[in-house]
Amino acid sequence: VVLFSGGAPRGVDCPVADVMADLARGFGVPPSSILVETESHSTSENAARSARLLRGIGAGRLLLVTDRLHMPRAAGVFAREGFQ
């Protein structure tokens with residue numbers, strides 16, 4: 001399962017997560033393997049809102065993908081949500 005997380009930036013109608021999910025589908029990722037969280041506007045919100053979806057499918061361990069400068073903060077908030 002691949003989860004894409006991120007809301008729409010101010011002044012933009014399309015959430016970032018929807019754009020990433022569309023790109024993944026274009027590369028052949030089956031729609032049934034994609035989860036999308038489109039309401040978050042911060043790293044903390046990304047983790048909290050994603051956690052609800054991930055717990056719903058029984059996930060406990062993640063492969064977190066983000067840029068290298070953002071990784072320490074993202075890893076920290078997902079760890080606080082209880083994920084490895």
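What share of the 84 residues in the protein is buried? Buried residues make up 27%, where buried means under 20% relative accessible area with a 1.4 Å probe, protein chains only.

A word on the source. This is a predicted model, where local features need pLDDT of at least 70, side-chain atom pairs count only at pLDDT 80 or more, and totals for chains, interfaces and linings use all residues. Residues are numbered from 1 along each chain as its sequence is written, and side-chain values use heavy atoms, with hydrogens and water left out.

Now the fold. The protein has three helices and two strands. These are DSSP runs: H or I of at least four residues for helices, E of at least two for strands. The order along the sequence is β-α-β-α-α.

Next, overall dimensions. Along the principal axes, the C-alpha atoms fill a box of roughly 30 × 30 × 25 Å.

Contacts next, meaning heavy atoms within 4.5 Å. Take those between residues at least 6 apart in sequence: 48% join residues at least 24 apart.

Last, aromatics. The ring centres of Phe78 and Phe83 are 6.5 Å apart and the planes sit at 55 degrees, so the pair is tilted. The cut-offs: Phe, Tyr and Trp (six-membered ring) centres within 6.5 Å; planes under 30 degrees apart are stacked, over 60 edge-to-face, the rest tilted. Phe78 and Phe83 are both buried.

Note on methods: Buried means under 20% relative accessible area, exposed over 50%, partly exposed in between (1.4 Å probe, protein chains only).
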